[in-house]
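User: Could you walk me through this one? I'd like to start with how the strands pair up.

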Amino acid sequence: MIKERIRWQGVIVITSGKGGVGKTTTTANIGSALAKNGHSVVLIDTDIGLRNLDLLLGLENRIVYTLVDVVEERCKLKQALVKDKKNPNLCLLAAAQTRDKSSVTAEQLKKITEKLKKDYDFVIVDCPAGIEQGFQTAIAGASEAIVVTTPEMSAVRDADRIIGLLEAAEGIESYKLLINRVRPNMIKSNDMMSVEDVENILSCGKIGVIPEDTGIITSTNRGEPIINNEKSLAGKAYINVARRINGEEVPFLDIDEPKGFVERIKKFLSGLKQQGKE
Amino acid sequence: MQQFLDDNIYVMDLGNSNTTADVIFELSSLLEKDEVKNKKICLKLGDVNLNQAQLLSIKSLISGINSILSCIDTKSVETEKVALSLGIIVSNISAENTLEVTPADTYKMADEIKKETVENTTESNQPELSDSAYDSTQNDEYYNIVEESEEQTQETEQQQVIEQADIQSENIENNELTDKNSEINSTSEASETNEANEENSEAKTAVNEFENLEIDNNSSENQIQISENKTNEITKKAEVEDELEVIFGKNPAETSIFNSEKESVYEEETEELADIVVPEQAFTKEDIELEGFPTKYIKQTMRSGQVINYEGNLVIIGDCHPGCEITAFGDITVWGVLSGIAHAGSAGNQKAAVRALKMNAIQLRIANCYSRRPDSLNSVYIEKTNSFTPEEARIVNGEIVVFKMND
């Protein structure tokens, strides 16, 4: 088992390199889970021009000022922070949709994160895909990083590249792996890399394993983080990640076991089907 | 060009439209024609009840094509009141008269109406009417200012107009006029204008001439007589008029149903809202501003991340997807689904409005007011049907209210 630091401090950047692995979903859920546990959290979307974090939190209609407005001093930092509908501990600093990544420089974001760090327990930065300027900007103010990857070769390769860049970057004190969209069934049938394989390839400790969950799609469409759905295994996994960030020692979820009676029957039936085919 | 010199007043018959949506639809189709540009327009409305914002927007639509809404014929008392409050001349023509008039006569009639109303307003002691007269004079001044600037830009056009006007006035002398009352006057005046035109051959003097035509009833009457001789165009217009000519007062008065969708705002947010600063050059004469603004037409689908910022009225023919931002000094009209952010009256104009066939905007901003889409309306996409109800958002008592323009 990996020993966590007593508690993660300061600014956490959530990055991946490859797109579509779940950076934004992770940001929304970890942020919500931390806020639910009573911490004050601010989420910063740095994906300027392709913002999505507001959608996942269901705050799209509340955004008046954005990160770019703060940087260009059209408003105060406090004005641009959008409070969450349910949890007043959670704030969002949205990205501008009508601009591009060059609107904010690394130094400007660093200033903002330093300001926010004083007032909030956690500052979580959602990083854009890629390793260009947007990535460099996003990691500028961060002291910790979570590298999100899926058990696919392409995502793991990109994660490796990102870890290399994180190690080279100034200011990043520690980084952890978060393995997303894991399918235990496929791992069992050797169709997918196991969590351990990914860890070994990247030689990096993990902070969480999130199982594949169709509920993520519905929660994204509804604008509600999946941690609010108590039945969801992915939601539980995200809550555990948040607790680990807070310094608690939480055992990893056993995601192998089918959840309920119906699933067991399904599994049994699918097994019969396969036998019949053979 | 020929249509331009035709005459100054154009009567639009919207009597067959029984709803506000119909009126705006008819109007927009009529306004696309070249012949209504640079004209004084006389609107014939049936029983439709128009509110202030709707009438204002019609006015601004008309001013968008360099024309002026000079007078209105309505059967609705509400519309009449609103028109009076906006300084638009209201005339009362009986239904029988309007049905029997020939196109050429309607032009003249429009002018007579104007005369009558001016006379009425000056003679009567009613405060409302006298107010309207006051307003109308104010407006006339304003229009003249506008026209001056327009006509300076159209110097070449003016020259051609004058040349053609000469020919026309000669025709008048040759031909016999059917109208008994105006026969003598028009021929004498035609010769007068003939002389005037010979004297004022330059474009700059044409500007003055046109102003005179507007203000002076006699001269504009003369202009109408000129149009009588242009048989080709009259037949064209007669066709249009015939198409539009419908009996007034068949349907009961329209009642617009106001489905206001309000939402309370958090205390914190109201604090934030108070900090939204309207630029210092906020305009005060808001009505005049709205109708004076130029209008820009955009025929495209506005997609996420696209921004339009225009110092005037905006008409977007197409959908506005979530994530786009439309900002205009004046009104915003979206001929499609509005799902992005719209900010009308961005220079501080409280009278500005946002209109859309389907209002699904994430945020609406008018002047310094702000409203957001209710969280309950979190639909993934809007199904496109043939039965949209146009909606309009405007400020009522400091809040943005969305009205459905129902039948």
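Analyst: Strands are DSSP runs of E with at least two residues, helices are runs of H or I with at least four, and both are numbered from the N terminus. This is a predicted model, where local features need pLDDT of at least 70, side-chain atom pairs count only at pLDDT 80 or more, and totals for chains, interfaces and linings use all residues. Residues are numbered from 1 along each chain as its sequence is written, while chains are lettered from A and ligands numbered from 1 in the order in which they are written.

User: Ok, which residue stands opposite R365(B) of β12(B)?

Analyst: H343(B) does. Strands β10 (residues 341-344) and β12 (residues 363-366) of chain B run parallel, joined by four bridges.

User: And what does β12(B) do with β13(B)?

Analyst: β12(B) and β13 (residues 369-372) of chain B are antiparallel, with four bridges between them. The β12(B)/β13(B) hairpin leaves two residues between its strands, and A367(B) has a positive phi near 55°.

User: What joins β14(B) and β15(B)?

Analyst: Six bridges hold β14 (residues 391-396) to β15 (residues 399-404) of chain B, in antiparallel fashion. I395(B) faces I400(B) of β15(B) across that pair. This hairpin has two residues between the strands as well, and N397(B) takes a positive phi near 55°.

User: Switching topic: how confident is the predictor in chain B?

Analyst: Its mean pLDDT (the predictor's confidence in each residue, from 0 to 100) is 64, and 48% of the residues in chain B reach 70 or more. Residues 94-111 of chain B are below 50, and that stretch has 35 contacts in the model beyond near neighbours in sequence. Residues 172-231 of chain B are also below 50, with 84 such contacts. By contact I mean C-beta atoms, placed from the backbone, within 7 Å.

User: What about chain A, then?

Analyst: Chain A averages 89, and 91% of its residues score at least 70. The highest mean in chain A is 96, in strand β4 (residues 90-93), and the lowest is 68, in helix α12 (residues 261-277). Residues 1-5 of chain A stay under 50, and the model gives them six contacts beyond four places in sequence.

User: Which residues of α5(A) are buried?

Analyst: L109(A), I112(A), T113(A) and L116(A). They fall within an arc of 100° seen down the axis of α5(A), so they line one face of the helix. That arc is taken over the directions from the helix axis to the C-beta atoms. E107(A) and K118(A) are exposed on the other side of α5(A).

User: What covers that buried face of α5(A)?

Analyst: Among the covering elements in chain A are β1 (11-15), β2 (41-45), α3 (67-71) and β5 (122-126).

User: What span should α5(A) have?

Analyst: The 14 residues of α5 (residues 106-119) of chain A should span 20 Å, and the end C-alpha atoms are 21 Å apart, which agrees. The expected span is 1.5 Å times one less than the number of residues.

User: Last one: how many residues does each chain put into the contact?

Analyst: Chain A gives 14 residues and chain B gives 16. On the chain A side, one is nonpolar, eight are polar and five are charged. Here Ala, Val, Leu, Ile, Met, Phe, Trp, Tyr, Cys and Pro count as nonpolar, Asp, Glu, Lys and Arg as charged, and the others, Gly among them, as polar. The model scores ipTM 0.78 and pTM 0.56.

Definitions and conventions
Two residues are in contact if their C-beta atoms, placed from the backbone, lie within 7 Å. A residue is buried if 20 or more other C-beta atoms lie within 10 Å of its own, exposed if 12 or fewer, and partly exposed in between; C-beta atoms are placed from the backbone. Two strands pair if DSSP finds at least two bridges between them.
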